[in-house]
Amino acid sequence: YKKIAQMAQISEIDVVGTDYAGEISIDNIIYRIDRKPTELTSYPYLVVCKKIEEISISTTDILVVDDFKRIEDRLKRSVRKRIGLEVTVSRARKQDGPNIGKWFKQIRNLYKFCKLNEYQFILSSGANSELEMVSGRSFDSILKICDIKPEQYWRDLAEWIETKYQRMVFVNA
């Protein structure tokens, strides 16, 4: 794990996922990068954007959403569908009580918006270290509080990632 984490850090890449059994394999990782590589790669990746103004129509896979109300209208007018709209738990950890309530409301609204407008809702830990990681049970609890069925959420996310992965393999082959 440390070797992969060091490689990711040197490359300025975040690790998106590993296999369920806890064994980390290079084959089971999808990297988060901030711009599309200029050359073909041998690894799968998702291009992550943190500002709606910086979305590239042809390359962005995920937009990190900090304030859904602020960008909702722009997303409605966007021609770029099927990208992931990501909310992080790390943001909620820094909030006080009333703002956590607003965070949960944002998740509910964003999820409904995604379902109606062909976006993929993504809830992630936003972890920058092992100590900030969130357990699967905690994710499921957050989803349930937001009236999202965890089984459906995980199924939809897996299908979306598989679709992105197939595109990456085809493009990078």
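Just after helix H5, Asp147 takes a positive phi of about 60°, in a predicted model where local features need pLDDT of at least 70, side-chain atom pairs count only at pLDDT 80 or more, and totals for chains, interfaces and linings use all residues. Residues are numbered from 1 along each chain as its sequence is written, and side-chain values use heavy atoms, with hydrogens and water left out.

Helix H5 covers residues 136-145, and its buried residues are Phe139, Ile142 and Leu143. Seen down the axis of H5, these buried residues fall within an arc of 100°, so they line one face of the helix; the arc is that of the directions from the helix axis to the C-beta atoms. The face turned away from this buried side carries the exposed residues Arg137 and Lys144. Here buried means under 20% relative accessible area, exposed over 50%, and partly exposed in between, with a 1.4 Å probe and protein chains only. Helices (H or I, at least four residues) and strands (E, at least two) are DSSP runs, numbered from the N terminus. An α-helix has 3.6 residues a turn, so residues three or four places apart point the same way.

Strand S6, residues 120-124, is mostly covered, with five of its five residues buried. Gln120, Ile122 and Ser124 point one way from S6, whereas Phe121 and Leu123 point the other way, and all are buried. In a regular strand the side chains alternate between the two faces of the sheet. Strand S5 (residues 84-88) runs parallel to S6 and is joined to it by five bridges, and the partner of Gly84 in S6 is Gln120; two strands pair if DSSP finds at least two bridges between them. Tyr119 is placed in the loop between helix H4 (97-117) and S6, and the C-alpha atoms of Tyr119 and Arg82 are separated by 4.4 Å although these residues are 37 apart along the chain.

The structure holds seven aromatic pairs, where rings of Phe, Tyr and Trp (its six-membered ring) pair if their centres lie within 6.5 Å, with planes under 30 degrees apart counted as stacked, over 60 as edge-to-face and the rest as tilted. In one of these pairs, the rings of Tyr153 and Trp154 have centres 4.8 Å apart and planes at 70°, so the pair is edge-to-face. Tyr111, Phe121, Phe139, Tyr153 and Trp154 form one aromatic cluster.

Relative accessible areas for several residues are tabulated here.

| Residue | Relative accessible area | Class |
|---|---|---|
| Tyr153 | 1% | buried |
| Trp154 | 34% | partly exposed |
| Asp61 | 1% | buried |
| Cys114 | 2% | buried |
| Cys146 | 3% | buried |
| Tyr119 | 4% | buried |

Asp61 lies in the loop between strand S3 (45-49) and strand S4 (62-64), and its side chain reaches the backbone nitrogen of Val47 at 2.8 Å. As for the cysteines, the count comes to zero disulfides, a disulfide being a pair of cysteine sulfur atoms within 2.5 Å.

The mean pLDDT of the protein chain is 80, and 77% of its residues reach 70 or more; pLDDT is the predictor's confidence in each residue, from 0 to 100.

Definitions and conventions: A polar contact is a pair of N or O atoms within 3.5 Å; within protein, one must be able to donate a hydrogen and the other to accept it, and residues adjacent in sequence count only if both atoms are side-chain atoms.
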